[in-house]
Amino acid sequence: MTPVISPFSLFFASIFTSNILLANFLGMCSFISISKDMKSSNGLGLAVVVVLTVTTGVNWAVLHLILIPLGLVYLRFIVFIIVIAAVVQMLEMIIDRVSQTLYMSLGIFLPLITVNCAILGVSLFMEIRNYSFIQSIIFGLGSGLGWWLAIMLLSAMRKKIEKAPVPAGLQGSGITMITIGFMAMAFMGFSGMLQVQ
Amino acid sequence: MNAAYFIAPAAIATISAVLAALISITDSIVNNYGDVVININDGSKELDVKGGANMLVTLAETGIFIPSACGGRGSCGECKVKVTSDIGPHLPTEIPYLSKEQLSENVRLSCQVKLKTDVAIEVPEYLFKVQQYDGVVESIKDVTHDIKEVYVKLSDGAEVDFRAGQYGQIEVPPYGKIRERTQRAYSMASVPADTTHLGFLIRLVPGGIVTTYVHEHMHEGEKMKVIAPFGEFFVRETDAAMICVAGGSGMAPFRSIFYDRIAKGKMEERDIWYFFGARTEKDLFYLDELKKMEEEHECFHFIAALSEPEEGSGWSGETGLITEVLDKYLKEIVPSDQPKEGYLCGSPGMLDACMAVMRNHEMQDEKIYFDKFA
């Protein structure tokens with residue numbers, strides 16, 4: 001059954017209350033490693049938005065047109081991954097052709113996020129929660145924006161932390177993890193407003 | 001057998017096949033940049049090539065080999081080319097390998113630059129002569145405990161034209177844990193007049209991929225690829241005295257240079273001082289050849305210096321670091337009123353130290369030519 005939820009609520013929830021990064025802790029590795037640099041964070045965030053929206057849509061079609069009719073839903077993990085890899089590959093070629101500026105700021109990060117668990121995670125949530133096509137696109141876009149928001153916030157904070165007297169043992173990843181913990185708590189404050197599962 | 005068993009593999013195979021087909025269709029449509037023109041050195045050469053691939057590979061296909069040690073993976077930073085037309089900003093993958101000056105002159109790593117439009121580039125003229133040669137290892141000889149002399153005979157009657165002092169890139173096959181073909185650069189030790197052979201001196205570097213292969217696996221009769229000739233380390237034709245300094249396998253270019261000058265009858269034209277530094281007697285080689293050369297040619301002076309001669313070995317030559325010996329000769333023996341040019345080949349540490357000595361003796365930087373081991 002397709003859940004009854006207004007498109008706006010779903011969009012809002014996937015950005016804030018069920019932020020893919022801070023509520024589900026998906027896509028952590030690139031989140032931590034790239035957030036050192038604000039410019040790269042921005043490019044990567046943008047790439048995640050594009051890839052999430054596109055792959056969730058494509059995976060919805062693959063799931064509903066191929067896997068469900070053939071009774072092969074148990075193959076979703078492997079199929080989703082193949083689809084994501086192929087879509088990212090094509091996106092990279094197209095962006096490279098269409099705009100050099102866009103390629104410089106976003107395209108070079110595309111291969112990085114093929115293996116990002118947030119991308120696969122969103123496709124799997126889409127399947128578990130039985131979203132319709134429109135809902136899937138909204139959920140993908142919202143999750144991407146949420147991821148982008150989170151990495152921009154974190155990289156801004158890390159800029160500040162660079163100048164802060166962090167104890168030697170906590171420098172680098174240590175203090176970053178603690179910061180992410182606080183961010184997650186702050187975002188949980190939103191969860192009373194709206195829930196999606 | 002239940003037909004359902006076959007649905008899953010068939011579905012996966014079909015999906016993969018469709019995606020692969022989509023990718024290759026996108027590749028042929030989107031990645032098809034048509035034909036582009038590469039304008040080299042302000043119109044001195046124009047190439048019509050197919051766009052879409054990187055510049056390094058495209059140039060190599062047309063027979064212009066830009067030096068590259070990693071084979072286009074963007075990890076060596078060797079394949080630099082100056083681009084004079086606008087092809088967009090530097091990629092993040094290029095920037096770590098370029099100096100500020102190179103960035104402002106729009107020097108690019110040719111393996112990272114994709115050919116999408118017509119470009120104008122500048123490459124040194126000598127690169128036009130560079131070719132890939134197939135050859136066979138004709139001889140491998142130990143010249144010291146850790147240096148081997150390798151001679152490659154070119155196959156199919158090919159002939160190579162190089163200037164004494166230049167280098168070539170030799171390629172060795174995968175072996176042991178090394179899974180890829182690997183190229184490294186070595187100076188030619190053979191004489192240019194011998195156009196059917198290329199000779200190299202290869203010193204064993206612990207952990208070195210190519211040197212280990214040459215020392216432990218290479219055998220006579222083995223096929224081998226050499227890309228040559230590269231480099232601008234050759235003798236400038238002036239009257240100045242040549243102050244040559246080498247260590248270890250840095251002997252190679254000088255051996256080629258001296259025999260080349262003898263063959264061309266130029267050995268008596270100018271003074272040549274050849275300093276060769278080594279630790280002990282067992283690191284010395286070609287000693288008899290060079291001593292004979294010194295006897296036969298009045299202008300040629302050969303000075304071997306040992307930093308740690310073994311006691312009781314009866315070493316009668318110079319002792320001390322090559323820098324000390326060089327300093328002593330420049331101060332006391334080499335006529336100081338003569339113009340001089342420096343030629344150096346060896347490890348970076350040795351080269352820098354010797355260049356400092358040369359500067360102290362008022363030799364100008366632009367008159368010091370060197371070939372530094374990377």
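In this predicted model, chain A exposes about 9,000 Å², of which carbon and sulfur atoms supply 73%. Of the 197 residues of chain A, 51% count as buried. Among the contacts in chain A with a separation of 6 or more, 80% come from residues 24 or more positions apart.

Chain A contains nine helices and zero strands. In helix α1 of chain A, which covers residues 7-15, the buried residues are A:Ser9, A:Leu10, A:Ala13, A:Ser14 and A:Ile15.

In chain B, six strands make up an open sheet with antiparallel pairing, in the order β9-β8-β11-β6-β7-β10.

| Edge strand | Residues |
|---|---|
| β9 of chain B | 182-187 |
| β10 of chain B | 197-203 |

On average, neighbouring strands of this sheet are turned by 40° against each other, direction ignored. Within the sheet, strand β8 (residues 167-172) of chain B runs antiparallel to strand β11 (residues 223-230) of chain B, and four bridges join them. B:Ile170 stands opposite B:Val226 in β11(B).

A helix of chain B, α4 (residues 209-216), packs on the sheet. Helix α4 of chain B touches β7 (147-154), β8, β9 and β10 of chain B, and its direction makes about 80° with that of β9(B).

How values were computed
Residues are numbered from 1 along each chain as its sequence is written. Chains are lettered from A and ligands numbered from 1 in the order in which they are written. This is a predicted model: local features need pLDDT of at least 70, side-chain atom pairs count only at pLDDT 80 or more; totals for chains, interfaces and linings use all residues. Side-chain values use heavy atoms; hydrogens and water are left out. Buried means under 20% relative accessible area, exposed over 50%, partly exposed in between (1.4 Å probe, protein chains only). Helices (H or I, at least four residues) and strands (E, at least two) are DSSP runs, numbered from the N terminus. Two strands pair if DSSP finds at least two bridges between them. Axes are lines fitted to C-alpha atoms, for helices over the stretch in contact, and angles run from 0 to 180 degrees between N-to-C directions. Contact means heavy atoms within 4.5 Å. Accessible areas come from the Shrake-Rupley method with a 1.4 Å probe; for residues, only the protein chains shown count as cover.
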